Amino acid sequence: MGYQADAVIVVNDPLAERINVMGHLLGQVIAALNGAETLELEEHLRKLAKDSRAGTPGAAEQLRQAIAGLSVSDAYEMAMAFTTYFELVNLCEEHHRTTKLRQYRAERAAGRRAEPVRESIEAALIELKQRGVTAEELQTMLDRLSIELVFTAHPTESKRRTVLTKLRRLADMLKADSRLPSLNSFPSTSQASLPTGRGEEMGSRSATDAIKREIAALWLTDRSRTVQPAVTDEVKTGLWYFTATLWQVIPQLYADLQAALDVHYPGVRAPRRWLTFGSWIGGDRDGNPNVTPQVTADTLQLHREHAITKVHDAVHELSRLLSVSINRDTITPALQALIARTEDTAITSRVRMIAQRYPNEPYRTVLAGLTAQLHAAFQQAKTYPLYPFNAARPSLPLSSHITLPLALPRAISAREVQETLDTVSDSLRRGRAASLAEGELRDLQHQLDVFGLHWARLDLRQHSAWHEEAVADILGRSGICAHYAQLDEDQKVALLTEQLSRPNSSLLDRIGPLDEDTLRVTEPLVLAREAIERYGQEAIGVYVISMTDGLSDVLEVLLLMTWCRVRLPIVPLFETREDLRHAPDVLRAMFLHPIYRDILRAQSNEQMIMLGYSDSNKDCGYITANWELYKAQEAIAAVCGEYGIRFTLFHGRGGTIARGGGPAARAILAQPVGLLDGRIRITEQGEVLSTRYQDPDLARRHLEQVTYGVLLGMYRAHHPEAIPAEWIAAMEEISERGFVAYRALVHEDPDFLKFWEQATPIAEISMLKVGSRPAFRKQTRTVHDLRAIPWVFSWMQSRFVLPGWYGLGAALEALLQRGDQSRALLAKMYRQWPFFQTTLDNAQQSLTKADMGIASLYATLVEDEAIRQRVVAIIQEEFNRTCRAIFAITGQTALLDNEPVLQKSIRLRNPYVDPLNYIQVEMIRRLRALKRNSAQTAEATTDSEEAALRRVIELTINGVSAGLRNTG
């Protein structure tokens, strides 16, 4: 399949050859397993798609008719062929990137390259040095540096963990043996067969045969899930990236920073913990009723068990490596004290045996004791669950009716493990075995610094409306206030303040059983208290309040925490256009409130503020959301400075451009003011987890790009370049005009909702088994109630990609029509203002992935012809307008002329994505007709017929996602 030269995704001979070979291997697998007729059908569809893209008359209609004539089973096989092809192409591209990176790094290390890798940590340090940053200033910057990446689960990661594992195996095979044969060495397709037997690891089979077997396994594996994934399934997928990739990447990244410092800033030391991870998976309950207290408890336990297992195994291996004898080297008094402490405590028989067998090997004894303590901590986590609460403690029966709850033995903490390893390292460094403090021991120290014994801090998130209802219920039951929800903002704040002022008072102790909805708010807080007591503060992150629009939203959570006797950092989340504009006022009210101000002092006057990129885009459109987010950051920085508050901006970015995605470093540098205090938090959502963290080399590259952006962003935040007033005025007008254009279609056009529901696969996406979270927050079906992620997902699949550009053209054209002076102003803004340049360049990516021809095919699903023609004409006109405006400002003649590699990649992928879109539309048409006919005739559809259609649709969604490298 796809083994002609035109299958090349990037113009580069090694990459072209690799893609061609992998395509040929896939073709052989298809022919061997399904027969030559399946491969011939796929090649026929591919040729028609290519001809259609080339403008051959009638080719598009022939493609449509060919797919319309497919049986459901044949449609599935064709969707599988193109989906698998893209999975292999993506692997080849990633392998090519990582190979070039490794070669470049090796040449740089050997002195054969003068320049560092672009957007690397070393590149950032060189630029800082060129800007005159001294060693003392850099040390201060590094001491403040804090980057936290937060993994989230959203219904955009369409790959099963099984498929991820198979793709990782294939990637490892490509790395292990890059010497794939040329196409000339292959037999013809008619002679193709799968290799049999075993033993390629013994050298009896070639790497090519092993790859073919893995492709065969991939071909025979379902892409769709048989059941809706549980939240804990998503948790395990998230943990897979930690155990399979990040565990090995972190030591490399830390070594990169220190090595670059040693060259360019000798004497400057990297801090121990400048990069960390958080997670929402299992803690984010906003709009997801499946995240119960039991699920959150299970999540915390999974984090704990997986992390302790990894550290335990590393310490055990280290104990075998450090066989240094006291007859051959000295040890420090601190290490001797550790040995004495081990001997003075109850230790396992194995530790005692090791101490007796190796009496002259002190490091082995110390580390064996540490291993035993980690094992005990694992067993405790496994044996005593956090939830339900009445099962969380061992107890002593005093009689047949009375039991005495007992406290759990204190488990070892991450800090204690760190202190032990530090003592071992220091002792080694002071003797002849100093070199042994490097390597595995130093790597483990870095890993423990970053991951602790819990991998990532688990955040809790809930919608502000739930907090209000819970407080209202509790206050009503207690007789304090019967109608809390009906109070105005000032009255609410006054009542909440009065309740918070009462010392050691909790209404929960006095009002009896709570109803289910209130328990859904209070139990997670009680669970957080239990987890902190049991596992330490590292287990729990922050508490995020969705849709924060007033001080009362914050005080309600503070009061609930007070009643539940727990204290977590509270993070207001500002999402809509109006909420972003009001954010400074809400923060000012928080900082002036006497009780909240006392809490801020207790947490070192630090406040985290979250900005929502997804809902802001859905609310007001691409250009307006970007500008409102930019202004909000400026205003937030100002108000925090006014009150002496150190702040961390938490960026709720998604994978697509419409949800804040795009190149990481450029996104950070486009809005540097948020890095005034050197702290940043960013969500890593949905499909970006697999694209960024599936491969260790890619993960390392992504993390160094983030670090590059943050280091330079810190500098720019303290050395800002003044933005001319006319640029600000122009952006204000662009934003307002874009907002008007967006609202006119999305929120004010009476037919738009019907068009969107029928012209995109939103209904089918809502039924997919790709995530645990429902597509809608409420039972109603409106754009407002729809979660932002499926909103973008549906437009991406249908190739409109509307949220990534709509409204921009109308806004820019209005200014361009004023003449040359206005055109020159916009061109200057594009050349000199990173924010404006990044905004337009990201829109170009969305426009390039959009395709109005394919989008028009989806529009044929709209039943009302008048609505279809009118709305398609509006969207097409705005698309053309946006392209013309970008060309006028940038001087380009085609989209992404400034990114030729990406441009070529998207263009050459399209002939392979198109058949998937055609198949998806045809299957949606059949599914909807089936359900419509069933409703009209009152005859139930057969489950198997409907399930077969849905199975194909879900597979095409996987394929389009792989082809566009985006979902939602």
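Helices in these legends are DSSP runs of H or I with at least four residues, numbered from the N terminus. The model is predicted: local features need pLDDT of at least 70, side-chain atom pairs count only at pLDDT 80 or more, and totals for chains, interfaces and linings use all residues. Residues are numbered from 1 along each chain as its sequence is written, and side-chain values use heavy atoms, with hydrogens and water left out.

**View 1. A negative surface patch that includes Asp-517.** Glu-469, Asp-515, Glu-516 and Asp-517 form the patch. Patch residues have over 30% relative accessible area and no salt bridge, and like charges are joined within 9 Å. Asp and Glu count as negative, and the place of the charge is taken as CG of Asp or CD of Glu. Accessible areas come from the Shrake-Rupley method with a 1.4 Å probe, and for residues only the protein chains shown count as cover. Asp-517 lies in helix α18, residues 516-535. With a relative accessible area of 41%, Asp-517 is partly exposed (buried is under 20%, exposed over 50%, partly exposed in between).

**View 2. Aromatic pairs of Phe, Tyr and Trp rings.** Rings pair if their centres lie within 6.5 Å, using the six-membered ring of Trp; planes under 30 degrees apart count as stacked, over 60 as edge-to-face and the rest as tilted. By this rule there are 33 aromatic pairs. One of them joins Phe-451 and Trp-455 edge-to-face, at 4.9 Å centre to centre and 70° between the planes. Both Phe-451 and Trp-455 are buried. Trp-627 and Tyr-630 are stacked, because their ring centres are 5.3 Å apart and their planes are at 10°. These two residues are three apart in helix α23 (residues 622-642), so about one helical turn separates them.

View 3. A salt bridge is a side-chain nitrogen of Lys or Arg within 4 Å of a carboxyl oxygen of Asp or Glu. The count by this rule is 66. Lys-47 and Asp-51 form one, with their closest N and O atoms 3.0 Å apart. Lys-47 is exposed, at 51% relative accessible area.

**View 4. A salt bridge between Arg-53 and Asp-914.** The N to O distance is 2.6 Å. Arg-53 lies in helix α2 and Asp-914 in helix α36 (residues 900-937), so the pair ties together parts that are 861 residues apart in sequence. Arg-53 is partly exposed at 34%, whereas Asp-914 is buried at 4%.

Notes. Patch = residues over 30% accessible without salt bridge, like charges linked within 9 Å, V, L, I, M, F, W, Y side chains within 5 Å. Buried < 20%, exposed > 50% of the residue type's maximum accessible area, 1.4 Å probe, protein only.
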